[in-house]
Amino acid sequence: MTATPLPYDQLKGPTTVRRLLATPTTGPLVALLLACAFFSLTTEQFLSGGNFSLIVQQVMVVGTLAIGQTLIILTAGIDLSCGAVMAFGSIVIAKTAAEGGLPPLAAITLGLVVSAVFGLVNGLLVQLIPLPPFIVTLGMLNVAFALTHIYSAEQTITSLPAQLTALGETFPLGNTDITYGSLVTIALFLLFAYALSGTSWGRHVYALGNSPEAARLNGIRTSRLTIGLYTLAGVVYGIAALLLISRTGVGDPQAGQTDNLDSITAVVLGGTSLFGGRGSVLGTFIGVLIVGVFRNGLQLMGVASIYQTLITGVLVILAVTVDQISRRKAR
Amino acid sequence: MLRRNRTIRASIGFTALAAVSALTLTACGSGAQGGSGGGGTKVGLITKTDTNPFFVKMKEGAEQAAKDNGVELVSAAGKFDGDNAGQVTAIENMVNSGVKGILITPNDSKAIVPALQKARAKGVLVIALDSPTEPQDATDALFATDNVKAGELIGRYAKAAMAGKAAKIATLDLAPGVAVGVQRHQGFLNGFGVAEGAPSIVCMQDTGGDQAKGQAAMENCLQKSPDINVVYTINEPAALGAYTALKAKGLEKKVLVVSVDGGCTGTKAVKEGKIAATSQQYPLEMASQGVKAVADFAKGGKKASGYTDTGVTLITDAAEPGVDAKDTAYGLEKCWG
Amino acid sequence: MTTADVTPVLQARGLVKRYGHVTAIDGADFDLLPGEVLAVIGDNGAGKTSLIKALTGAITPDEGEIRLNGDPIRFTGPQSARQHGIETVYQDLAVAASMDIASNMFLGRELRRPGFLGSALRMLDKKRMRQEAAAHMADLKIGLRSLTQPVETLSGGQRQAVAVARSVAWAKSVVVMDEPTAALGVKESGQVLDLIRRVRDKGMPVVLISHNMPHVFEIADRIHIHRLGRREALIKPSDHSMAEVVAIMTGALRVSDDGGTVVADADAAEAAGVSAH
């Protein structure tokens with residue numbers, strides 16, 4: 001039988017340049033590089049190792065939260081509770097260590113477990129009831145916020161053991177001081193970049209975000225995967241809690257109040273789609289750097305902080321517009 | 001094919017707009033900067049937020065003083081009241097940009113301390129404005145209103161105005177553990193001559209200094225004790241909230257409301273009789289003295305140190321004998337916001 | 001081809017599935033022979049979806065027996081049917097739109113790198129998956145230029161081809177296709193029918209669920225007509241006209257023991273314009 005081959009479109013194999021241009025992280029990356037070039041030209045202090053180290057150090061907390069946020073958003077969910085969970089985790093770590101007499105390592109472990117439990121509860125409610133992630137995490141935001149203030153009794157916790165702030169210490173690299181915490185954040189980004197792009201688990205996460213039904217029909221245990229993702233995001237928020245403590249040197253019950261939206265901003269700026277299934281943590285890393293570079297650069301230029309908020313808003317709207325347009329034509 | 005071209009266009013659009021926004025903002029920035037540059041000395045001002053009129057006035061004072069002293073002012077603010085991380089970031093960026101001194105109204109009096117210590121270790125003069133850090137010597141100097149005195153003034157005024165009548169007091173406070181709120185509250189009780197926990201204090205509620213919460217707090221207090229006749233409020237928004245609640249019950253003429261701040265809206269409310277008296281403070285003064293101190297330090301002068309009282313004045317149109325006060329005409333001239 | 005001397009690949013006898021008072025499958029039989037395209041047709045509500053679900057493990061029948069290559073078998077879920085070599089192409093294709101073709105072909109069954117990279121680091125063997133995907137595509141003469149393009153950039157027919165190729169690649173016994181031409185235009189439907197022929201020519205039996213009579217008559221070797229929860233008739237398209245098949249499906253005609261048809265409902269038969277022969 002001479003079957004006629006299906007005469008499919010003669011699509012050319014994409015060249016490297018074309019593929020690069022079609023990648024959702026390319027736009028953000030070019031924006032980041034342009035911003036860096038711009039600030040290098042307009043301020044004397046921007047282009048220096050010390051300043052870049054500072055920028056990374058300043059974005060490490062929100063950046064780490066944004067890793068967890070990326071996991072959730074890839075499943076077409078959203079996590080409004082991340083900042084509050086981190087704040088509660090940081091108070092648990094700080095208070096149990098400074099006032100409860102727990103050894104620092106035990107306190108940190110407890111903080112991670114508490115954060116993971118918040119993630120687990122989010123995941124169970126989203127998957128098993130099921131409830132919309134927006135509502136579940138909005139509720140959990142309030143629960144974690146309230147617990148933070150109840151447990152801390154509104155008091156900032158000072159005189160922490162040195163081990164808790166160790167990640168805030170620096171080491172010299174050339175003549176630049178690098179914070180250990182920055183390395184933790186970068187390592188987490190690399191770890192999750194690999195896990196999402198190089199393992200079956202990552203493939204399943206993307207498939208789940210594209211279509212939970214398709215994922216299930218292909219034998220992926222979507223329920224377990226979803227709950228696991230929320231729990232894992234909780235653990236990441238716990239790490240962010242430790243980084244937060246190391247950065248500020250205290251346990252601050254007021255911390256993290258806008259970090260949920262800041263992390264979503266970073267994820268969206270990095271080209272990850274709020275509709276799920278598209279994006280990457282490396283994009284998110286670029287997204288947090290965009291926010292950090294603009295804040296730092298504008299401040300070095302002496303521009304009032306309210307304009308930083310303005311430009312972040314403009315960039316976010318731009319990023320979701322690009323996402324929406326590229327999705328529509330994909331149909 | 002079409003799809004790819006559009007993606008390319010979208011990417012280019014994104015970057016182009018990012019670049020344009022950056023350029024536009026530069027223009028805005030340099031516009032706002034106009035005239036305050038020069039001299040090579042930079043002074044940083046970090047306020048709690050940049051939306052509260054109190055801090056807007058503070059910034060105005062700093063800008064004027066920067067011009068007068070030939071220094072450049074860079075400013076930043078936390079994103080919300082209580083945002084410590086944002087202030088830490090601002091301190092780091094300012095130190096990196098080479099400021100000679102930083103003026104700061106700390107959002108968290110304890111949490112900000114490590115960042116300030118790092119700045120001071122690099123030779124930056126740090127002055128707290130409006131509210132102290134804990135410990136207070138974490139900054140080189142403090143330029144602020146004496147909040148205890150501010151409370152005392154309205155306490156003494158309220159005592160005199162009551163003229164011996166039995167007082168039923170409600171206090172609409174800030175939030176637990178915040179120094180400013182505790183000091184004003186304590187000052188008021190001292191001035192009025194009642195002890196904490198005295199039976200005449202019938203209701204204590206936190207308002208966060210917010211008008212809507214102030215109103216809700218007053219409504220709840222009135223539910224509990226309808227015979228309240230003295231209301232202490234942490235600030236004028238809380239006082240105006242309380243007034244709204246009182247008016248709804250027809251009690252606005254029978255209850256004495258006193259407050260602290262001296263904002264223009266608040267001072268007008270004193271003139272209109274909604275608030276009986278308020279202790280006016282001077283944010284502009286704090287900032288301009290702060291900028292001058294940094295400028296002097298840059299010229300080789302001494303580091304500012306210790307506590308400087310930037311003054312507080314009781315504003316009322318119904319002065320009581322024995323309590324120093326100025327009328328609202330004076331208050332409106334000096335008010336902020 | 002007769003049923004007597006060939007063991008059916010997939011066979012069912014007396015399947016029953018009840019949901020409360022509703023009987024979705026009412027003693028249904030099913031026979032799929034090696035290397036044939038068997039079309040399953042039936043009016044809406046006739047219960048063909050339930051039958052297919054029972055055969056692909058999505059539901060467990062209350063009574064009856066399923067045999068795979070002659071051996072009795074019991075599926076505990078779709079996954080267990082897949083493990084026994086029964087693959088389904090779902091009507092919505094069950095593809096992940098933003099992922100590339102190769103990733104979709106190996107979705108849920110990814111290959112890992114050999115050695116430490118695969119066992120400890122769980123690293124995917126992307127190259128091997130691409131190569132194998134390309135081999136499967138070539139095998140079915142599906143001409144896609146790049147296996148790294150996202151499925152969402154493909155046309156409807158191309159997506160269908162990817163879904164079919166995936167099922168054929170993994171199926172050891174049977175491929176079930178649910179309305180593969182329902183969402184396609186004339187030209188693309190023709191291409192998919194060609195593809196189904198090529199699958200059959202490879203020796204893989206195909207169960208084709210379809211509403212489209214011309215397509216069924218074009219490609220099916222035999223037609224299983226489902227009515228009121230059971231197999232009403234199993235015929236060859238060469239023995240009956242399309243109008244007769246529709247009449248059997250709606251109950252106007254009935255297949256007689258000698259393979260001809262008798263009128264079951266005179267009014268309906270007259271309305272449908274068919275008579276017994």
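Two residues are in contact here if their C-beta atoms, placed from the backbone, lie within 7 Å. By that rule, and leaving aside its neighbours within four places in sequence, A:Ile290 is in contact with A:Pro28, A:Ala31, A:Leu32, A:Ala35, A:Leu269 and A:Leu315.

The model is predicted: local features need pLDDT of at least 70, side-chain atom pairs count only at pLDDT 80 or more, and totals for chains, interfaces and linings use all residues. Residues are numbered from 1 along each chain as its sequence is written, while chains are lettered from A and ligands numbered from 1 in the order in which they are written.

A:Ile290 and C:Leu208 have the most contacts inside the largest nonpolar core, which has 235 residues. Such a core is a set of buried Ala, Val, Leu, Ile, Met, Phe, Trp, Tyr and Cys residues joined through C-beta atoms within 7 Å. A residue is buried if 20 or more other C-beta atoms lie within 10 Å of its own, exposed if 12 or fewer, and partly exposed in between. H10(A) gives this core its largest share, 15 residues. Another core, of 43 residues, lies apart from it and includes B:Ala158, B:Ala238, B:Leu240 and B:Leu314.

Helix H10 (residues 222–248) of chain A also packs with helix H5 (residues 104–128) of chain A: their axes come within 7 Å and cross at roughly 150 degrees. Helices (H or I, at least four residues) and strands (E, at least two) are DSSP runs, numbered from the N terminus. Axes are lines fitted to C-alpha atoms, for helices over the stretch in contact, and angles run from 0 to 180 degrees between N-to-C directions. The crossing of H5(A) past H10(A) is right-handed, the near helix being turned clockwise from the far one by less than a right angle. The contact of these two helices has 17 nonpolar residues, 11 polar and no charged. Ala, Val, Leu, Ile, Met, Phe, Trp, Tyr, Cys and Pro count as nonpolar, Asp, Glu, Lys and Arg as charged, and the others, Gly among them, as polar.

Elsewhere in chain A, the loop between helix H11 (259–269) and helix H12 (281–301) holds A:Thr272. Is A:Thr272 buried or exposed? A:Thr272 is buried, because 30 other C-beta atoms lie within 10 Å. Leaving aside neighbours within four places in sequence, the contacts of A:Thr272 include A:Thr70, A:Ile73, A:Leu74 and A:Arg278.

Chain A meets chain C through 27 residues of chain A and 33 residues of chain C. On the side of chain C, helix H2 (78–83), helix H6 (156–170) and helix H7 (186–201) each give two or more residues. The largest share, 6 residues, comes from H7(C). By class, this side of chain C has 14 nonpolar, 9 polar and 10 charged residues.

Chain C is divided into domain 1 (1–85 + 174–238) and domain 2 (95–170), with bounds from an automatic or database domain assignment. Their C-alpha centres lie 26 Å apart, and 11 residues of domain 1 are in contact with 10 residues of domain 2. H7(C) gives 6 residues, the largest share, to the domain 1 side.

Chain B is likewise divided, into domain 1 (36–145 + 283–304) and domain 2 (147–280 + 313–334). The centres of these domains of chain B, taken over C-alpha atoms, are separated by 30 Å. In chain B, 6 residues of domain 1 are in contact with 5 residues of domain 2.
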